[in-house]
Amino acid sequence: MSLIGKEIEAFTAQAYDAKNDEFKEVSEQDLKGDWSVVCFYPADFSFVCPTELEDLQNQYDELQSLGANVFSVSTDTHFVHKAWHDHSDAINKIQYTMIGDPSQQVTRLFDVLNEEAGLAQRGTFIIDPDGVVQAAEINAEGIGRDASTLTHKIKAAQYVRKNPGEVCPAKWEEGGDTLEPSLDLVGKI
């Protein structure tokens, strides 16, 4: 079942706030008020995951400039996130919040739990300030994601939110032409 257009459900989890080097509690309320990117991944101390999280960190400043907070989530604990942050050159660069989900509550709410393995799938979600999911991408375990695509998706989602009645076509760039769906456009694109 798709989460697109649905408000995120209530949850509470412990997290490692890498920017401030502290543990904190995170809830669905932390994903509201601003734009949020939530990036689920299978496991700490693994192979593809650190490349993805480092890539996400490389986009962090631009995502922040768009008003987007960034959260990563795995079924590891917040303690394991801290240990990984302290011992991996790639993960040590991270400045965003790393949510621990050993109970699998958050992973289940976003419908990205691999039940057999007990691990999160590679799911990425863009959530608007009202807590509504605007974009989702889920990849197979062996396929890493490209975080640079997130900035384009957030810009498009922000544009559509500010401009009701307009939509962004494929490969839309900020400042580019948009479409106004109407009977006049049917069959002419």
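**Burial, packing and salt bridges**

Modeller: This is a predicted model. To begin with one side chain, Lys-32 has a relative accessibility of 21% and therefore counts as partly exposed.

Biologist: With which residue does the side chain of Lys-32 meet in a salt bridge?

Modeller: Lys-32 lies in the loop between β2 (22–27) and β3, and its partner is 25 residues away, in the segment before β1 (12–17). The N to O distance is 2.6 Å, and the residue is Glu-7.

Biologist: Which residues are joined with Lys-82 into one network?

Modeller: Lys-82, in helix α3 (residues 78–87), is linked to Asp-21 in the loop between β1 and β2, 61 residues apart. The closest N and O atoms of this salt bridge are 3.0 Å apart. Lys-82 is partly exposed because its relative accessibility is 22%, and Asp-21 is partly exposed at 44%. Through shared partners, the residues joined with Lys-82 are Asp-21 and Asp-86.

Biologist: Is Cys-49 buried or exposed?

Modeller: The unreviewed UniProt entry annotates Cys-49 as "active site", and this residue is found in helix α1. Beyond its neighbours within four places in sequence, Cys-49 is in contact with Tyr-41, Pro-42, Ala-43, Trp-84 and Arg-122. Buried requires under 20% relative accessible area. At 2% relative accessibility, Cys-49 therefore counts as buried.

Biologist: How far apart are the end C-alpha atoms of helix α5?

Modeller: Helix α5 (residues 148–162) has 15 residues, so at 1.5 Å a residue it should span 21 Å.

Biologist: Against which elements do the buried residues of α5 pack?

Modeller: The buried residues of α5 are Leu-150, Thr-151, Ile-154, Ala-156, Ala-157 and Gln-158. They pack against β3 (35–40), α1 (48–58), α2 (60–65), β4 (68–74), β8 (122–127) and β9 (133–139).

Biologist: Which residues have the most contacts inside the largest nonpolar core?

Modeller: This core has 25 residues, and the elements that give two or more residues to it are β3, α1, α2, β4 and α5. Leaving aside neighbours within four places in sequence, the contacts of Leu-56 include Cys-39, Leu-63 and Leu-150. The residues with the most contacts inside the core are Leu-53, Leu-56, Leu-63 and Met-98.

Notes: Residues are numbered from 1 along each chain as its sequence is written. This is a predicted model: local features need pLDDT of at least 70, side-chain atom pairs count only at pLDDT 80 or more; totals for chains, interfaces and linings use all residues. Side-chain values use heavy atoms; hydrogens and water are left out. Helices (H or I, at least four residues) and strands (E, at least two) are DSSP runs, numbered from the N terminus. The expected span of a helix is 1.5 Å times one less than its number of residues. Buried means under 20% relative accessible area, exposed over 50%, partly exposed in between (1.4 Å probe, protein chains only). Contact means heavy atoms within 4.5 Å. A nonpolar core is a set of buried Ala, Val, Leu, Ile, Met, Phe, Trp, Tyr and Cys residues joined through side-chain atoms within 4.5 Å. UniProt positions are given in the numbering used here, feature names are shortened, and annotations may be inferred rather than shown by experiment. A salt bridge is a side-chain nitrogen of Lys or Arg within 4 Å of a carboxyl oxygen of Asp or Glu.
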